[in-house]
Amino acid sequence: MPLTEQDTAQLRAALQEAVVKCSERCLYQSAKWAAELLTSIPPTDEASEPEDSQMTEIPPSGLPPIVVTGNLDPEEAQLEAKEINQYLLAKSFFDCREFDRCAAVFLPDTVLSGILSSTSTRGPENATTPKGKGKARVSSGRSASKLAPILPKLSQKSIFLALYAKYMSGEKKKDEDSEMVMGPHDGGNTTNKQLVTISRFLENWFQEHTTEAGEVVGSQGWLEYLYGMVLTKDKNEEEAMRWLIRSVHLYPWNWGCWLEMTSLIGRVEDLNRISPHLPQNIVSFFFHLHTSLELYQSTPNLSNSLDQLLSIFPTSPFLLTCLALLAYHIKDFLAADAHFSNLLALHPHRLDSLDHYSNILYVMNLRPKLSFLAHLCSTVDKFRPESCVVIGNYYSLLSSHEKAVQYFRRALTLDRSCLSAWTLMGHEYVELKNTHAAIESYRRAVDVNRRDYRAWYGLGQTYEVLEMHAYALWYYKRAAGLRPWDGKMWMAVGSCLQKMGRHIEGIKALKRALLADSYYDAGVGSSFGSGGRDKGGAMDPEVLLQIAGMYERMEDMGEAKAYMEMCVAQEEGAADMEASVINIHADSQSSDDESRPTGGGTSGDTGTGVTAATSKARMWLAKFAMRMGDYTRAMQLATELCQDGVEVEEAKALVREVRVRLEIGGGDV
Amino acid sequence: MTRFLTPSKIGLLALIELYTEAAVPTTSTIPILSFVLNQLLPSTIKSQSRSSNSSSLESLPFLLDLHAFETLLAAHPSAAGLPGRTLWDKFLQKLWGIDSLNALHEFFANRAFLLAKSPEEIKKDGEMGIPPPSQDMILLSRTSPFGGFIRRAKVEFDRLRFSDALALWIAFAKWRQESKVYCIRRNGALGRWAGDRALEDGELEWGPEATEMLELVAYGNDLDGIDSGAVSTDDVEKLLEFQVEQMQKFGNRIPYEIRDKFKGILEGGVTVPSLSHYQNFLDAWRAGDYPTSFDNLHRYFDYTMQNRDRLFYQYALMNLAVLQADFGCFEEAVAAMLETVSTARENKDMACLNFALNWLYHFGKAHPKFIRGSESTNMLGVEREGLVFLRTKAKETGMWTLWSSSLLSEAKLGMSSGESIATAFENMVKSSQLIVEKNMKSMMGPQMAMSSSLWGRLGVSHLSKEYCEIFLSCHARYALFDDTLRFSCRIAQFLAEKGHYDEAMKRLESMDENSLRSWKANQYWLKYRGILRLKRDLHQNNLDGADQLLSQLLQSSGVDADPDLGFEISILHIDYLIRRTDFSRALAKIENLASAMKEEGDDIALRVKLLVLKAGLQDKSGRPQKGFSVAVRAASIAWRARLIPLLWAAMGAIANILNSLSEFQAAAQILVAIIPRALECETFSMNAHLYSYLVDAHMGLAGKADAGSLKRKENLTRCLEFIDRAFDEYSALEDIKGQCEMMAKKATIMKVVGEPVLANDYASKYLDLKKEAALAQA
């Protein structure tokens, strides 16, 4: 998607404006995001040089004003010009983190309390009317006339800044009020007390500016964003989404707004439902990418669109992170490591999303690298949640779980909505055998973000440890729902079902696990062509053994035998023809079948070798053959077992017995 | 600043590992082990076995750098591996093997393998299928010094927070940086990023520039710079303990350069050990800075309250009392010490109690006025009973120092009240035996001082001086500086008595400058120098100079002045007044002193000295007979108490009185009898006086004989001979007045003999002397 010169210039201008507008409104993170993006557009080298020299005489759009931008709306512009002094005062208060004072510059407490009291008289009425579009309509006639004089006449920018400051002050108070992380009184239920005020004010404001047709006149998107945010905190998600979409239509370059939307989307279906309502521009593209990644999507389509974006912003750290995360989601850890490491070299001071990197390094067990990462983060800023998570991960890898918990806790103290810290803390508590704490922290993780499959899975695991299988099943299902192509989830569901004695369902789930694994591996193989994964298209003998066991329990000996054979066959690897023969035997393994020859070509040594599972299977087969009277087969299997050196005693006993039987049999003949 | 671990400790751990791997050849085991032990063991144990320590270990820097390791290890070949490699190579290999923060974690985790396993662990390992460690390894017992160190290091590392572990890692990287060049030369395989595997691995991926940037971000920009994290609280505490011990042992202040270095170390860390306040207190105390020392003492105890609770309250009080007393707040001091006593009794802290009582006893001796008010509590009963009590208590609780000091006190008490010399000797021998048996080097000073003063009283001044010299050359190293100073002053006094003023002065000048920074010592030193100069001025009859000096010296003789010096100054003041012929004031001064002494029950020797002075004053004022009873009393007391030098002085006074009564024969007999023995005392001024009395006696005898008779002539010749003797003594002392007097006498005799030429000669000599003196004064 190569852009023309003009497009690039336009994009640049838009981004510049976005940075200034966001910082004007103290939306620091959004401004940072936009600025990062802005600098990652490669300069148009040969064309721009002479152009620039010409430009110096008559700057076309000029340099963007750094402190304040003009407003296109003349009315707003006039108001802003009038308020400029107060605005600057308020902004500096905000920068000094004196939020209440900042808010009071434009909206003194008397005004706000007036709004509160006037609306509280409507309290019962409010309660009866369903929240939504209708509400404003119902009370408009009466309250508009009553409220009109109360609302001060201010520019939208000032209102936004004041209300946002109010919001921030509420958040700050909330943080101060909440108890120690996971302390006895830490229910996670302290709320932002300013939300009511803000939402009342905004309600009134929108009411005032809404025409009969339901259009909000002259609004520029920022207030909608704030309203959406407030509604999100109130758990009024449908409504929030509506306002946020409105906001991005009015001003698409506010990344914070898109992030809010992402947090409201729980599953892919939601995303697809929302998509048509979104404006069609490059930011929406970003949003789509980011949200899909948050939902653990990893379709080729996605990587395609990522590539396109990268061609425009080749060095954008955000996109590079996305690239790494994409690789991470399809479990291509090597690639993910490479991407992150590249990112690290490009931006050594950037800590954002390095916690994901530490997860990758943790899984890959790269201790020196993880220690270096922790070192780096700690030197850059040791009081960032990301740094704490990285350090916690490092300690977890060193098996000092208490220390790890300590650092995750610190991360949470710094930012209570730090999702990965909650989940990882849950893992640590599992290691420390503190199941209650583990459940609580997983639960909190899920409350923060329902999309975190690891937390769901962890919950399931913990309940399984506690032998509460029904609960565990429920959580495993949630996890499997989030990652339907991940065999591990299905395996967990399967074994859970098995323990509950629901064998048929269990077998289904386990077969699905087999399917998912091989599908997944095949997918990796096709999209990246890497032979890096040593397991090729092989199936997990454990799962096979489990399936066989369940068939046995159901007294379906034929199936059981077939799966046992398959399990044993995994020793030799996927190239073994015997396995694929039995594959056909099993239903629903067709896709597996197709992938098998491709993997088989390269894998002479992809077999698992002798494992506990295959030995068990072999033993079972030997005993089975014995029962069936197939003594030669039993003899063969038992001697194999002796050679493998697993459960030699039992195998030898078996051999002796077979010999006796054979002799007896021989005698008979 | 970490609590315990420093890069050099990591080095020690690596060295221990080398040792356990049997890489150290048998011949070099001992130097290496003693090197490590020297670092590990607390200094108190080390100081006890000082003799076995080689001097090379003592000269190690406080913070071990790589050079210290290099000098140790480069000399020893390695027992394993390639030939030609030294232990230093192996050691470096180990150090550079720690190539990432993770490797550091692993390094510490692996320390446990160096320790011998407990039986349970071996059993557990056996169950897990882990084979027992090979026999080649030297396993360390868990309770050995090495084992203890390793375990401590491991625990300390485990409790480090991440940022601290990181700081340790960075400090370590800096610490070993200087050996990099050597390593590259030796192995040739170390790359640019050696020491951090992550960087090394990443270089391929990132390229050198980005790697360098990452390195800068991670390590900061001075990898070669001076280390800041190289000192741990543990080190500082050790250093402080040593310093405080030194200060208490020698009574010095901290030398400037060490103090500056110390400040630098303490600035680097956040946690200042509370002991440093104590050190500041000691320093300020020695410096005579009362408010600061007071402040610091309180600060120290405030900070230590939390971890030592009230159990140590009595020590705080004791310190306070000593401090108060040192700065002359005697009432407060006594009050504090009395509270110490009651608290110590309450807490059954016998050591503290005994010390406090001992202090109170000595304080009472020095300042009877202040103790009197509180004597009603009757802590110690009568003096002697108190001492006996202390002695038995000290014996019971095994406080040898207190025991021997109480023995010495008893000896001193006996001596000062003029009791049996034999008893005093007995006590001193007892104490001496105790000191030698228990090797109490610090008690050597008082013991020697007592011996020296005893011999001095017995008139064997040579022996007395010899004791001083012995102390200075043998024991001064282990003793308080105060003792050294006092002994030096004593020697200076001996020298001054013989007229070697310059030598005496030199003796004082050559004292250790740093030790003289201590306020009290400095005061004492200054005063003593003043006294020496005053003596010289008086002898040279430079009365104006003497006046100036005296006015300064008298000014500072308040309550806090040293009693010995105070008496000396008073004597010199009297001498001055006599030379000024202000006899009435001199007499008044003597009377004052005597009455004060009677009240306080001071040393008998001083009282005798005053009596002798009084007799001399009467003589000077021309009424020698009036002093008869005084002189006789002085002589009898001196005889009873065996104060030999004073006895001769008193006898001299009696002879003089006899002269004035024209009992020349008797006087001459007395003098002839005592002079040989008086000469032993080596007090030149007394000798000169005795000779001149003898001259007077012979002169009288000559006068009694017939004119022109042989007897007259004989006596006159003798007179001349003794005049010459007296003149020699006077000129040794540079005593102008005495010299002149002798010259005049000689001229007179010559005239009598009838040799006017010689008489003229002597007369002109007399004038020359006067002129000279006038010139010297101008």
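The model is predicted: local features need pLDDT of at least 70, side-chain atom pairs count only at pLDDT 80 or more, and totals for chains, interfaces and linings use all residues. Residues are numbered from 1 along each chain as its sequence is written, and chains are lettered from A in the order in which they are written.

**Contact between chains A and B**

The contact takes 20 residues from chain A and 19 residues from chain B, two residues being in contact if their C-beta atoms, placed from the backbone, lie within 7 Å. On the side of chain A that touches chain B, H20(A) gives the largest share, eleven residues. Helices here are DSSP runs (H or I, at least four residues), numbered from the N terminus.

| Helix pair | Angle between axes | Distance between axes |
|---|---|---|
| H28(B) (519-539) and H30(B) (563-579) | about 20 degrees | 11 Å |

Axes are lines fitted to C-alpha atoms over the stretch in contact, and angles run from 0 to 180 degrees between N-to-C directions. H28(B) and H30(B) are therefore roughly parallel, a term for angles under 35 degrees. Among the residues making this contact are B:Leu534 of H28(B) and B:Tyr576 of H30(B).

**Residue B:Leu550**

B:Leu550 is found in helix H29 (residues 543-555) of chain B. B:Leu550 is buried, because 22 other C-beta atoms lie within 10 Å, and the term requires 20 or more. Beyond its neighbours within four places in sequence, B:Leu550 is in contact with B:Leu534, B:His573 and B:Tyr576. The C-alpha atoms of B:Leu550 and B:Leu534 are separated by 7.2 Å, with the two residues 16 residues apart along the chain.

Note on methods. Helix = DSSP H or I, 4+ residues; strand = E, 2+ residues; numbered from the N terminus. Parallel < 35°, antiparallel > 145°, perpendicular 65-115°, else oblique. Buried ≥ 20, exposed ≤ 12 C-beta atoms within 10 Å, placed from the backbone.
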